[in-house]
Amino acid sequence: MDFYSSSSTNSRGIGEPCPADEPHVLAVDDNLVDRKLVERLLKKSSCKVTTAENGLRALEYLGLGSDQKHSTTGNGSKVNMIITDYCMPGMTGYELLKKIKESSILKDVPVVIMSSENIPTRIDQCMEEGAQMFMLKPLKHSDVKSLRCQLMQ
Amino acid sequence: MEVVQLQRSFVECMASLFREGLLDAQFSQLQQLQDDSNPDFVVEVVSLFFEDSERLLNDLTMALDQPNVDFKQVDAHVHQLKGSSSSVGAQRVKNCCVLFRNCCEEQNTEACLQCLQQIKQEHLLVKNKLQTLFELEQQIVAAGGAIPMVQ
């Protein structure tokens, strides 16, 4: 498992360092039930949560939408972590990960990929593209707790 | 009905849900996420699941009723259902979905229809039992009792 080790100076994008008490997480999942679950799991671990139902909405929120000229108009600088489902219609979690890593503003924001399927090639692909972690669904409280601890570092 | 009797029924209902494999450990995870600040979390998620899954079951029925079945579409629906049933701990529904996906891969309409039938039955079973559970919960609270913790 690749640990993302961050230094406090350049790892959080423009502006704020990660608030140790309430990191802001963007959770992306096309499944309604899973969105509710991940939101609750993150909130229980003292995270502020924004959810998006697909990759496009996520990019728009982050300020990376195709019609957004400047990334600074989005919320990318406020987000401390992105957690996304892999299998989504339109844009997969992997494609979303790539777009985030291509952004000069957001490339250092940790991205976690979730999937219900344990496919080694899929996992490798995501880790090689710079994912912080790959997690199997359904997510449990202990999974999110350890993720939360990583964010604190 | 007496609180003690209600509590006993609740415990038995919960126990049988797990014993019969209708629910698995993931449901316990949901229960752990419920607390004073989110006292209705389990009911909320489960209700969301039943709304969502009913819609998916309708979509599946229609998709399999087409003269030329679009198995990719059918598989997509089953994938969704598998995901959400897994997330709430509806084990038997989830297991049916796994079989269903195999039938989709084989593009076997007849087998898919059988799987759909099976899923509908399992879905109804767990839905009815959970509804009973939630009703008992409400009755216990209304009678001033505490909800038993079931490990």
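Visitor: How much space lies in the largest pocket?

Guide: About 780 Å³. Keep in mind that this is a predicted model.

Visitor: Which residues line the largest pocket closest to its centre?

Guide: The lining has 26 residues, and B:Gln31, B:Gln34, B:Val42, B:Glu137 and B:Ile147 are the closest to the centre. Helices H1 (3–19), H2, H3 and H6 (109–142) of chain B each give two or more residues to this lining. H6(B) gives the most, with seven residues.

Visitor: What makes a residue of the lining count as nonpolar, polar or charged?

Visitor: Now the two chains. How many residues of chain B are in contact with chain A?

Guide: 23 residues of chain B are in contact with 17 residues of chain A. The cut-off for contact is 4.5 Å between heavy atoms.

Visitor: What area do chain B and chain A bury between them?

Guide: About 1,700 Å², with 57% of it on carbon and sulfur atoms. The size of an interface is often given this way, as the accessible area lost when the parts come together.

Visitor: Why is the pair A:Lys44 and B:Asp35 called a salt bridge?

Guide: Their side chains meet at 3.3 Å, N to O. The rule asks for a Lys or Arg side-chain nitrogen within 4 Å of an Asp or Glu carboxyl oxygen, so this pair qualifies. Across the interface of chain B and chain A the rule finds four salt bridges. Polar contacts across this interface come to ten residue pairs.

Visitor: Which elements supply the side of chain B that touches chain A?

Guide: Helices H2 (25–33), H3 (41–64) and H4 (71–88) of chain B each give two or more residues. H4(B) has the largest share, eight residues. By class, this side of chain B has seven nonpolar, eleven polar and five charged residues.

Visitor: Where does the second largest pocket get its lining?

Guide: Helix H1 (32–44) of chain A and helices H3 and H4 of chain B each supply at least two residues. The largest share, five residues, comes from H4(B). Of the 18 lining residues, A:Asp30, A:Pro89, B:Ala76, B:His79 and B:Gln80 lie nearest the centre. The pocket holds about 360 Å³ of space.

Key: Residues numbered from 1 in each chain as written. Chains lettered and ligands numbered in written order. Predicted model: local features only at pLDDT ≥ 70, side-chain atom pairs only at ≥ 80, totals over all residues. Heavy atoms only, no water. Buried area = accessible area lost by both parts, 1.4 Å probe. Polar contact = N/O pair within 3.5 Å; in protein donor to acceptor, adjacent residues only side chain to side chain. Helix = DSSP H or I, 4+ residues; strand = E, 2+ residues; numbered from the N terminus. Nonpolar A, V, L, I, M, F, W, Y, C, P; charged D, E, K, R; others polar. 1 Å grid on protein atoms, 1.4 Å probe; cavity = no way out; pocket = protein on both sides within 12 Å on 5 of 7 lines; lining within 4 Å. Points joined across faces, edges and corners; volume = space filled by probe spheres on them.
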